[in-house]
Amino acid sequence: MNDINHNHLIVKPGSKILLTDYDSKYTGNFQSKVDAQGKLEAGVQQLRKYQDVLYAQNTYALLIIFQAMDAAGKDSTIKHVMSGVNPQGCQVFSFKAPSAEELDHDYLWRSAKSLPERGRIGIFNRSYYEEVLVVRVHPELLQKQQLPDSLKGNDIWKQRFEEINNFEKYLVNNGIVILKFFLNVSKTEQKKRFLDRIELPEKNWKFSINDVQERAHWDDYMSVYEDVFNHTSTAWAPWYIIPADRKWFMRLAVSEIICSKLKELNLKYPTVSEEHKQQLLQAKAILERED
Ligand code: ATP
Ligand code: MG
């Protein structure tokens, strides 16, 4: 499983990137979905195996964050990548505009409550990064937050980047491994997918007029996303910019990166203690004595 050059997709900590340098149509060494089919299936199987050990070992947790513009394919990527895993070991949280209760707390509160337990894979479909994305593109959202006025100044974004980096460092130091994916869809491809959603009755439910309104802010979004990558891609929680115009490649890349991270952890099934081995023998003897 080494057909995808991860170094090409990772935002190197400390570097300054431009999103225009990232090709959303990139498909690595693959020509087509058919060409990648075997790898796609192998990736799902491999993740199933890693998850089983992650769960049994009960030491690490994996937090996977997805951020993207609308219609980039967050939902379908989550569906694909998780298709093989045991549902008991996996939790997905989708973060929408905060509720009144959530606004009454600090901005990391709802995320902290939703973190994966040890042994689990937790998926954030959108995340606390919205606090430095949509909230920055729409300043009125910041005004609605119950913050003291003196804390709503211009340095709030830099301050939030620092807080997020520290929060993630804290999680990693607690055994919660973090992967952050930006599904990088192009503006042209987004338009195509919106038109599909409008034209195909079975896709109508996926479309909201709000999606087109947000599209009008495309350049602002690209600029705040760049700022996020340039400030929060750290050695302990790097960002990956995943080409998203070809859905099959996006899924393959995400699943390969997840598998390679889990491999790095060198996960092991717990070893059985001498006492436990004795109990197994005792239990066997009891069962064998039955008629
Ligand atoms: P889909 O459209 O595929 O169902 P989605 O993630 O776009 O998925 P929506 O219900 O369409 O879900 O949108 C959720 C909205 O909530 C997004 O516009 C997002 O920017 C917004 N949101 C998420 N977190 C925050 C936040 N902390 N503050 C303000 N808005 C937020
Ligand atoms: Mg949406």
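**The shell around ligand 1**

By class, the shell around ligand 1 splits into 6 nonpolar and 8 charged residues, with no polar ones at all. The model is a predicted one, and the picture below is built from its computed coordinates. Out of the 14 residues around the ligand, those that come nearest are Asp-70, Lys-74, Arg-126, Glu-130 and Glu-131.

An N or O atom in the side chain of Arg-126 sits 2.6 Å from an oxygen atom of ligand 1. For Lys-74, a polar side-chain atom lies 3.0 Å from a ligand oxygen. Taken alone, the ligand exposes 630 Å², and the protein buries 78% of that.

As for where all this happens, ligand 1 takes up the space of the largest pocket. Two elements, α3 (74-81) and α6 (134-137), each give two or more residues to the shell around the ligand.

On the annotation side, an unreviewed UniProt entry lists residues 33-265 as "domain: Polyphosphate kinase-2-related". In the model, that span is 53% helix and 14% strand, and the C-alpha atoms at its ends lie 30 Å apart.

Key
Residues are numbered from 1 along each chain as its sequence is written. Chains are lettered from A and ligands numbered from 1 in the order in which they are written. This is a predicted model: local features need pLDDT of at least 70, side-chain atom pairs count only at pLDDT 80 or more; totals for chains, interfaces and linings use all residues. Side-chain values use heavy atoms; hydrogens and water are left out. A residue is near a molecule or strand if one of its heavy atoms lies within 4 Å of it. A polar contact is a pair of N or O atoms within 3.5 Å; within protein, one must be able to donate a hydrogen and the other to accept it, and residues adjacent in sequence count only if both atoms are side-chain atoms. Accessible areas come from the Shrake-Rupley method with a 1.4 Å probe; for residues, only the protein chains shown count as cover. On a 1 Å grid over the protein atoms alone, a cavity is a set of points where a 1.4 Å probe fits but cannot get out, and a pocket is an open set with protein on both sides within 12 Å along at least five of seven lines; lining residues have an atom within 4 Å of a point. A molecule sits in a cavity or pocket if more than half of its atoms lie within 2 Å of its grid points. Helices (H or I, at least four residues) and strands (E, at least two) are DSSP runs, numbered from the N terminus. Ala, Val, Leu, Ile, Met, Phe, Trp, Tyr, Cys and Pro count as nonpolar, Asp, Glu, Lys and Arg as charged, and the others, Gly among them, as polar. UniProt positions are given in the numbering used here, feature names are shortened, and annotations may be inferred rather than shown by experiment.
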